[in-house]
Amino acid sequence: MNAQASFTSRLGLARNFLIVCFITGFLIALWNPNPRFILTVAVGLLAGMLILGPHSAVVLYTLGLQQFLGGHLRWPLCIFMVLSSVYLCNYLLGWKTTQFALASCSSLLGAVLGHDATLAILGLRGTPSLDGRMVLVFPLITVLTLLAGYSSFGFASGSYKFAEALLR
Amino acid sequence: MSLAFSKNLGEHLQGVVVGPPVYDPRGNLQNMVIYPIFPLELTADPPDLITLSEALNLGLRLTDTGVVSRVQADNPLPTSIIAGESEILIGSTQLRSVQFSCLLGPRRKAALPVNCVEEGRATEYQAEFSRADACPWPLRAYKMEQLARFGEPTQYLVWDRIKNYLSDTATASETHDIHSMLDQNSYQLQSLSNVFPLQPGQVGAICTIGQNLVLELFGDPEILEDRYDQVLRSAMVEALTQPSDKVVHPDRVHHFMPHIIEACQKSKVLNNRSLKESGRCLAFAAVGISGQALISEGRLIHLSAHQKCIGQSRPLADLVPAMESARSNWEDHRPPSLDTLGEAYIRRRRRYNAFKSKLQDFSPSDTCDSSKTSKTHNEIQTADTSKSAPAPRPLNPELHKFFLRLLSRH
């Protein structure tokens, strides 16, 4: 199997997750097409995956905090880090409650993904099996799929109106 | 520190003597000769540690952390366990080889340093290792050299070394599994194992395999006895896969141990945070010898070393007269203390067996049957929690597995 085929086949593993992202983007557009909501979700997810998740993994395992609470501290710590970060953004940007809730949920989901992805990367670190390209591409594709779902709603709505105008 | 280590090792090696050569008189294995090593003096007390293979049967848990270079070890037993660098860990995940010999303290959890020796198979997070087998000497020698030079063998170079080795020996393995060499030669390994019997009280052996000289020495004869099968397999698989009719000259063999003492004057301490309280391992590579030694409380627990003697091997048939002469010389002039070694060892072995049978009570499988034992085991678990350094755990194991598959090139 060549590198490109391997990359594509592995990306296929994330198909269901990407479909969920697409549908989520579509539903957000259906619920409220204001771009601030989809952007909040997209940025929250990306920040969770790239910053909060890896950061919480580093805090847990370099400071040896995982030995407390029988190793179950990772969940409370992750939630605390996400909520405190979102609260700080809320304080600076003056979000509304809905936006705060969306940012919290998406950042938490991103942080969970980021934490476990970090452990997987650490496990594969120093080996030729680690696919650096996938490490970069996966978060990007996730967010682009979310935005694609959002944009599809606009496209579908525009197409519908266009077709409706033609038929009248 | 290196000079102190060298002195310590020198003192220990002065307390042992190399015995007469043992070879296959039928000529089925013409490139291997073993020289047993005996202690000049045997203390009355047997060791209070057991081998990894036995510990696995008694409840030691070795689990895959999902990290290529670490295996989580959970020792519920009230005794130390020796994990030798010669061991390959086998389970329902990719095979690992213990990086350097170390002691797992009683009732402790630790991250065992390992190398992956099966490139084509993914790690299975939290999969258990159920048994251990021998690691062939070429890989061990390479690991020792890398440890002495860099402190850790580079994983992809280990994989390259295994691939080349499998290719050189025409061993088929889809996943580039080093253990396939033992599987492929299992019948011969089994049938030839009785050519080199263990002798009572023996604590080690020097093997000449083609142009290679290898040493395996333990602090206690009981530990060698329990691991002798692995010691033999590790050397014999090399002899079987690299057939020739040559071995290193006996004179060279008798200079091997002094050269080891010289080589270990430049040694590197191998650090492992979770194992630092249970002994110290040092690696050395000099004067053409690479090796490693595990020392605990000033006592040598395990020493292994390798030397390639290029151009210094001769056909076994030519050396048989010299070896027979060495054997008769040994019979006439062997140290008098060895006359009582066999009896002293039998007494020690009896006590050691009694010690091991008591460990059965701590086996987790028995804890359901006895409330008393169950309580003891629970106490052990509670005590462990404060001392242990748990391995990183994912928030969601399935998610972790998904990322391992997603981010790992096949």
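**View 1. Ala148(B) sits in helix α3 (residues 137–150) of chain B.** Helices here are DSSP runs of H or I with at least four residues, and strands are runs of E with at least two, numbered from the N terminus. This is a predicted model, in which local features need pLDDT of at least 70 and side-chain atom pairs count only at pLDDT 80 or more, while totals for chains, interfaces and linings use all residues. Is Ala148(B) buried or exposed? Ala148(B) counts as buried because its relative accessibility is 14%; buried means under 20% relative accessible area, exposed over 50% and partly exposed in between, with a 1.4 Å probe and protein chains only. Leaving aside neighbours within four places in sequence, Ala148(B) touches Lys268(B), Ala283(B), Phe284(B) and Ala285(B), where contact means heavy atoms within 4.5 Å. Look for Cys264(B) too: 116 residues separate it from Ala148(B) in sequence, yet their C-alpha atoms are 9.9 Å apart in space.

**View 2. Helix α11 (residues 341–359) of chain B has 19 residues.** From first C-alpha to last, this helix reaches 27 Å, close to the 27 Å expected at 1.5 Å a residue; the expected span is 1.5 Å times one less than the number of residues. Its buried residues are Leu341(B), Ala344(B), Tyr345(B), Arg348(B), Arg349(B), Tyr352(B), Lys356(B) and Leu359(B). Why do they lie on the same side of α11(B)? They cover an arc of only 130° around the axis, so they share one side of α11(B); the arc is that of the directions from the helix axis to the C-beta atoms. An α-helix has 3.6 residues a turn, so residues three or four places apart point the same way. The buried residues of α11(B) pack against β3 (32–39), β4 (49–51), α2 (52–58) and α7 (221–241) of chain B. On the other side of α11(B), you can find Glu343(B), Arg347(B), Arg350(B) and Lys358(B) exposed.

**View 3. Thr145(A) belongs to helix α6 (residues 132–167) of chain A.** With a relative accessibility of 15%, Thr145(A) counts as buried. Which residues does Thr145(A) contact, leaving aside its neighbours within four places in sequence? They are Leu18(A), Cys21(A) and Phe22(A). As you compare the views, remember that residues are numbered from 1 along each chain as its sequence is written, chains are lettered from A and ligands numbered from 1 in the order in which they are written, and side-chain values use heavy atoms, leaving out hydrogens and water.
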